[in-house]
Each structure stands twice: as structure tokens, then as C-alpha cells.
Amino acid sequence: MVDVKKYQEKRGRVLGWMAGMSVVVSLGASAIDAAAPQAPSNFYPHARSTTSIELFWDDNSDDEIGFRIYRTTIETYSDTEKPSGPIATVSGTSYLDNDAGPMDPGSDYFRYWVEAYNSDGTSASVSVDAAPHFSDVDEWVAIQCKDGLKYIDGFYSGAGDPNDLSMTTEIDDFSLWGKFAYASAYDYVFQNKGNGLILAAGDYWNGKVANYCRNDAFYQEIDQGDGWHALYNYDHYEEYLTKINDNQLLLNETITDAGQWRYVSLDTYRLKSKSTGYFLCPEADVAGSAITVDIDDGTDWFRWIKVANGDHFHLKHAATGMFFQPTTSSDGSLLELVDASEDGNWTQWSDVASGDGATVFLKNKATEKHVRPEINSPGTYVQQQPSSWTGDWTRWEYMASEPAPDAVYTIRNLATDRHLNGNGSGNTAQMVPKSWTGNFSKWHKEMVDDTYFRLKCVGSGKYLTASPCETNGAAIEMTENAESAAEWRLTRIGAAFKLDTRTCTSNPYLYSGGSKGYPTLAPNNWTGNHTDWILTDY
């Protein structure tokens, strides 16, 4: 059953599934008797399978006898008339239609009406469009925009034109989409899991994007690197799906960050080693490659998808689509990538609670052993050891595929292997051993705009400044005043980052301070490891 409370909390977000041809949520045109019950509202569908759709609505009257449900199949623009007879009469505020399919992708869909009635008459009717899940869909993914890292939402936001889809930070059935090849191996169609409708150019001339099954719903992927794609709608003047704002998507002639997208599975994770702070990944992209831990570089290389298999699961690598397994049953044997067709006990795993409330042991079904990094170094191999090994080295933490907006970070220098810490003497920052992971070594990124942010120490509540603004001078100061804080940005250099500030243009780089024991600033031609930093989210 749907979590009714969850979707009722999206009050005011009326489902708008039209494509420039009809208002989807509408009142009937016939005269309504004054004594008739009030019309239902907040009418929305939830596709359940290839043959069933569940409908929900709010009851706005206290004198109705029940509700009548009507349905028609929309095959052309003119198929919009409510049928003369209902398919069901119910007394509650939901109805499960188990005779709703199967339906051919890209051709037609259903329109439903609901109306309240009593002995005095019938209310206005309210309508909504929906389709069952297509059999071609074998995985549901969220479609994430590079600009803002939000997902395309199937719920109408309540602002602007009902054609417009919106963006959301939530992943639920209405922000999951089934991606499948339709017209050819290169033409993809996206079906919304919540209502079963299709991501299409809703208003052909204005380039608005809405849900409607028709030919201008075909997209081709144009690779933009690091897992991002432009989605090219060749039926619409060769334009690209683009986010204009959080309440509107259009088709645009050029590719920007707002027109780059990637797919995020609901069960996609990063696996962080508790002992090292590094993330699980393969060494290369071919079968037989060793499994390692390394510095998360923000790409799918460090993401794994949980694929259920009874009481166990496979871990499918997001970038290669492969599983992994031990090379032998022996203690100390390494792990390796294997093809996803190898779906026996050797590639099956279970999570065993470690008892600390945050981490688990990864236990192999075939060998019944735990896994751990060999040593504390980026790129080190991962091995298996007996399940009696239950220390930090065999503990792993599931991390979200993307850091949360309110995540806290440790900031470690690549050269010194020490953490930035906000509790130095005299109200300054200092460098401390990386084993110091308490609140004074954790930082919030308070965004100033889409690029720059302030660094706020969790332990002290103070901000990192860019003072003194001099080359490798005294320790960087801390301040309680956000207006006096430095504004930083991240520039990726391999798997690490440069932290540079626009507050001190002559010495913009955060520098380890070398042997001084505290951070300083440096010019941007100081490009060695002492200006390279690793951010790890918690």
C-alpha cells in the first residue's frame, strides 16, 4: 500500500500530466445540483505493476453515499470524454484498478475520473492520467541534474504551468524513472514509476517537458564524461533536456550544466572503510581487476548498487556493471571484479551488524569470511579474513551516493596526512593527526552561492578565515562572524582538491604549513601535495 500520509504531505502539488492538449485535473462541465456533495480533490494515481494502478483522493464532503470511478483509454488527442458508465463504485477514498494493462509503451494511457454522489445528485468530476508499468522496465533510477544535484520529480509543483515538471531532493516513486530502449538501441524512453507516464516534450512549440506517451519522448544519450549525459530529443528540433529552474524543464539548443544528467539508483551507495576512511572501488574496468580502497573522486567509480538475491545481495559496480568476489576460499585472498552473469554464492554478500550502530561486516556467502583493506593507503587491495576478525579494519559504512547538503567533512592534507582542525591556540586553525576525528576536525560547508562556501568548524561553531593573507605566514585565524569568514571553492586535481579562496586573491590556496603544525595560505603556483586536500563526508 502507498504511504498515504507521505503523499498527502505534498499538499498543493496537483498532478499535471498534460502535453499541451488537455487540462488533466479538471471539473466536469455539466451543471451540479446545489444539494450534491462537494467534488473530491488531490486526485492522484500510483502505478503498481504492469496491470494495476491505485487511485487516491481527498473527500471534501460529509454527506456523500460514495464515489464513482470512470476510465477511458487515451489513444488520440480527441479521446478525452468521460465514459457514460463507471468501472467501480466505492465508499472509501482509494481504488485499486487491477485491469489496467498491459499497455504498449509510447502509444496510449488511461484517464480516470472520480466523482462523489448522494441521493440529491453528483459532484463535479476530477480527472487524472496514468499508465501501468511497462514490462520493458527492469530498473528504476532517479535522473539527477548536474546543476544543483536535484532529481526530476513526477509530482506537479503547483507553480506555473501544469505542463511543467519540477525538481526535488527526495527520491521516492514519483522521482524514479524506468529507462529502456524503445525505437532502437540508442533511443531511450523514461517512464515515471509513480504514475506510469512518459517524460516527453509536453508543449512542442514552447519546449516544455511533461508526461505523455508519444514520439517526441525519445532521447539519445550524449556522453559528457564522469557519468554525466546530455539527453538529446531529436524529435524536437534536435534539442537537449534542460532544467530552467526548480519548477520548469525545457528543451534547449545548447548543453550546459543544467542540461547534464546522470542516473542514481535508489539503492546506490558508497562503501567507506572505517579504519582507513577510503572508499571501495575496482582497480580497473575489466574482469579480474582487483578490488581496492581509494579516495572518492565523486564519480560512479565509487558507487555500488545493491541487487537483492533472497536473503543475500550482489554489489554491482555502477560504472562497469560487474560484481565482485574472493579469488579463492583462503584467508588473505584478494577480491576481484567478475561479470554480472556470475551470480552464484561467491558473488553474494550479507550485512552483519557490527554493534556500533553505524558500520557492518561484509560477509561472503560462499566463504563466510569478512573483507578488509590490506593496509592504510590509497589504492591498497581488499582481502578476505575469518569472520572472527571484527575490529575496525573489517568494518564498513554505507554512505549515500551523494553527500547530504548538511553533511560534515574531515579535511585531510595529502602531503602530511593530517586533518585540518579548528581548535588551535589563540583562536587559530591547526593541523592534527588524522586519527583525530572529533568535532573540532569536522567542518560544515555553508554554501554562499553555487560554487563558493564557508567552512564552519562543528566543534567551535567558528569559521575559517583567509587571514593573514600572506605567503606561508602565521596560522590561519578563526572567527565567529560569518561575514568575516573566507569563501572557498573546490577545484579537483585527480582524486584530491585544491581549496582556494576569493577572499585573498594574492595567496588563494589553503596550504598545510609544512612542518609548522598549522595551515597557512599560498599562491596558486604552489601546486604540490601540500595544497592538495581530501574531503571525507560523515
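1. Helices and strands are DSSP runs, with strands at least two residues long, numbered from the N terminus. The structure is a predicted model, and in it Asp62 is found in the loop that lies between β2 (53-58) and β3 (66-74).

2. Is Asp62 buried or exposed? Its relative accessible area is 78%, and exposed means over 50%, so Asp62 is exposed.

3. Asp62 also belongs to a negative surface patch, which is formed together with Asp59, Asp63 and Asp120.

4. A pair of aromatic rings is described by the distance of the centres and the angle of the planes. Rings pair if their centres lie within 6.5 Å, and by this rule there are twelve aromatic pairs. One of them joins Phe134 and Phe180, with 6.0 Å from centre to centre and 80° between the planes, an edge-to-face arrangement.

5. Which parts does the pair of Phe134 and Phe180 tie together? Phe134 lies in the loop between β8 (126-130) and β9 (140-145), whereas Phe180 is in strand β12 (residues 177-181), so the pair connects parts that are 46 residues apart in sequence. Phe134 and Phe180 are both buried.

6. A further pair is made by Tyr232 and Tyr240. The ring centres of Tyr232 and Tyr240 are 5.5 Å apart and the planes stand at 50°, so this pair is tilted. Tyr232 is buried, as is Tyr240.

7. Finally, a cluster of aromatic residues should be noted: Phe43, Trp57 and Phe67 are linked into it by ring pairs.

Technical notes
Residues are numbered from 1 along each chain as its sequence is written. This is a predicted model: local features need pLDDT of at least 70, side-chain atom pairs count only at pLDDT 80 or more; totals for chains, interfaces and linings use all residues. Side-chain values use heavy atoms; hydrogens and water are left out. Patches are made of residues with over 30% relative accessible area and no salt bridge: like charges are joined within 9 Å, nonpolar side chains (Val, Leu, Ile, Met, Phe, Trp, Tyr) within 5 Å. Accessible areas come from the Shrake-Rupley method with a 1.4 Å probe; for residues, only the protein chains shown count as cover. A salt bridge is a side-chain nitrogen of Lys or Arg within 4 Å of a carboxyl oxygen of Asp or Glu. Lys and Arg count as positive and Asp and Glu as negative; His and the chain ends are not counted. The place of a charge is taken as NZ of Lys, CZ of Arg, CG of Asp or CD of Glu. Helices (H or I, at least four residues) and strands (E, at least two) are DSSP runs, numbered from the N terminus. Buried means under 20% relative accessible area, exposed over 50%, partly exposed in between (1.4 Å probe, protein chains only). Rings of Phe, Tyr and Trp (its six-membered ring) pair if their centres lie within 6.5 Å; planes under 30 degrees apart count as stacked, over 60 as edge-to-face and the rest as tilted.
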